[in-house]
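Let's take a walk through a protein together, one stop after another.

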Amino acid sequence: MIMTTLLKVEKITKKFGDFYANDQISFEVNKSEVLAILGENGAGKTTLMNILFGHYTPDAGNVNFEGNAIEFGNTNNAIKLGIGMVHQHFTLAENLTVLENIIIGRQSIFSLSLPKRQARVKILELSKKFGLPINPDELVANLSVSEKQRIEILKTLFLDCKLLILDEPTAALTPQETDALFSTIRNMIETGLSVILISHKLNEILAVSDRIIVLRNGSSVGEIDTHSADREKIAEMIVGKKIDYPQKKKIPRKSKVLSLVDVSYDKTDAPNLSKVNLDLYGGQILGIAGVAGNGQTTLAKILSGHFKPTQGKIVFNEAKSVHTSPKSFMDLGVAYIPEDRNSDGIVGDMEIWENAIMTEMDDPYLRNSLGIINKKTSFDRSENLCETYDVRMQSIRQRSRLLSGGNVQKLLLGRWLMRKPKIIIACQPTRGLDEGAIASIQNLLLKAQQNGSAIILISEDLDELLTMSDDISVMYKGMLSDPTETSSTDKLSIGLRMAGDGFL
């Protein structure tokens, strides 16, 4: 079949200071195809997409769309040519309707009213054509994550988009919602549209794309047809070496270390919990699935002593009662890997050695009786941590914010593992990481399990939960399901529970 080129990118280069975000990248997108672009964090994917969509101006190179040169630094020009982009984080006005969100900003500020009648007809036609069911008159605030994503896609289609860029589109979707999105993408391809798909989820890329381009350190390192690709081969291209994927072993379950009994949380500072019951045993990995915003973060903060339940109780088997505070829970052997590693896990402007010993200020080996830090022993501890847990850096005097996402996570996890914790609360521990870093973090967690730690693994990645967990529970609107053995469940049944099945 003869392929017609829609987009042609030639030797795009973009520098920030002395750093090459993109270095002479060239590729083409054909009509009616899905091109996947993969790469580690910092590989240059987002910069490249922002150039295509008119946010950035490159230092060198050309981009042609249907034979017309793109005017760099001009988003309106990109939209007029037929390029649309749906970002991972949506840009919708929650207090407006679906219809208003789609058409607002599409006419002169001097217009007396929005052209709602014609727009409603077009939106319903597009909705039917591409399998994007939506009520034009529904308030956006009342919609689910997947419905909001449909609006973002409809916004681009409403403007007669020919090339749609999707940035991490399945990050917060259930398996069923992901399947529906892929069905929509296939409908687009059948009608002549093209899609650029950016994702960390290799299984999804293999399921929906036609071709794959891999970026590493700002350069293109390879292109492959999806039908001839496999997960291991692509992962090696992304990272530049063979990856040591985790191999889970059956670990004998030890005694109970923690229980939640009818725990509720009904304050306004976080999503509520409703009568959550949970038992955790030594050597167990309990996976917790759920669409973002259903109470997982609240649960993690209760389990780590950051929040106090408004009802119910937390029972540590070796303590009759315990004061609710992060320090008290730490002293009982609880380690907490927060969801936002950069905001809640490290202090970015502090040096690596400072972050490495931050939790150890009770250790007389690291400070004297006056509270003055012993830098030599602190440096030794930090260097040992970084060597043991493969934290790649230039120096322990380096600012922590300069570490990659994977190395930040290894620093955080290593800091806790040095304490030999009894319980690890790991929230989205591999979110946003490349395949190599994901494998490293998962191997560290499995080693901790083999050493007897009990782990609660909160993740939106069902592949990760099914690979790592012994049992899986699901959170839905603050409620927690009974655990199911991983060997007797699958993505479909978990996805149904994530959508509320069994809770109502």
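Helices (H or I, at least four residues) and strands (E, at least two) are DSSP runs, numbered from the N terminus. With that in mind, find helix α13, where Ser378 has its place. What you are viewing is a predicted model, so local features need pLDDT of at least 70 and side-chain atom pairs count only at pLDDT 80 or more, while totals for chains, interfaces and linings use all residues. Residues are numbered from 1 along each chain as its sequence is written, and side-chain values use heavy atoms, with hydrogens and water left out.

Is Ser378 buried or exposed? Buried means under 20% relative accessible area, exposed over 50%, and partly exposed in between (1.4 Å probe, protein chains only). Ser378 has a relative accessible area of 0%, so this residue is buried. Contact means heavy atoms within 4.5 Å. Leaving aside neighbours within four places in sequence, Ser378 is in contact with Trp353, Ile357, Leu366 and Ile373.

From there, let's turn to the nonpolar cores. In soluble globular proteins, nonpolar side chains tend to be buried together. A nonpolar core is a set of buried Ala, Val, Leu, Ile, Met, Phe, Trp, Tyr and Cys residues joined through side-chain atoms within 4.5 Å. The largest one here has 48 residues, and Ile153, Leu157 and Ile185 are those with the most contacts inside it. Pick out Ile185: not counting residues up to four places away in sequence, Ile185 touches Val34, Leu166, Val195 and Val208. A second, separate core has 41 residues, including Val291, Ala335, Leu417 and Ile455.

Next come the charged side chains. Side chains of opposite charge can pair when their charged atoms come close. A salt bridge is a side-chain nitrogen of Lys or Arg within 4 Å of a carboxyl oxygen of Asp or Glu. How many salt bridges does a search of the whole structure find? The search finds 23.

One of these joins the side chains of Glu100 and Lys116, with 3.2 Å from N to O. Glu100 lies in helix α3 (residues 98-103) and Lys116 in helix α4 (residues 116-130), so the pair ties together parts that are 16 residues apart in sequence. Glu100 is buried, at 17% relative accessible area, whereas Lys116 is partly exposed, at 34%.

Now look at Lys327 and Asp362, a salt bridge whose closest N and O atoms are 2.8 Å apart. This pair links distant parts of the chain, 35 residues apart: Lys327 is in helix α10 (residues 326-331), and Asp362 is in the loop between α12 (352-357) and α13 (375-388). Lys327 is partly exposed, at 37%, while Asp362 is exposed, at 52%. Elsewhere, Glu33, Arg211 and Glu223 are linked in a network of salt bridges.

Our last stop is the aromatic rings. Rings of Phe, Tyr and Trp (its six-membered ring) pair if their centres lie within 6.5 Å; planes under 30 degrees apart count as stacked, over 60 as edge-to-face and the rest as tilted. The structure holds 5 aromatic pairs. Phe16 and Tyr56 form an edge-to-face pair, with 5.8 Å centre to centre and 75° between the planes. They link distant parts of the chain, 40 residues apart: Phe16 is in strand β1 (residues 5-16), and Tyr56 is in the loop between α1 and β4. Phe16 is partly exposed, with a relative accessible area of 39%, and Tyr56 counts as partly exposed at 30%.

Tyr265 and Phe307 show another arrangement: their rings are stacked, 4.9 Å centre to centre and 5° between the planes. Tyr265 lies in strand β11 (residues 256-265) and Phe307 in the loop between α9 (296-303) and β14 (311-316), so the pair ties together parts that are 42 residues apart in sequence. Both Tyr265 and Phe307 are buried.
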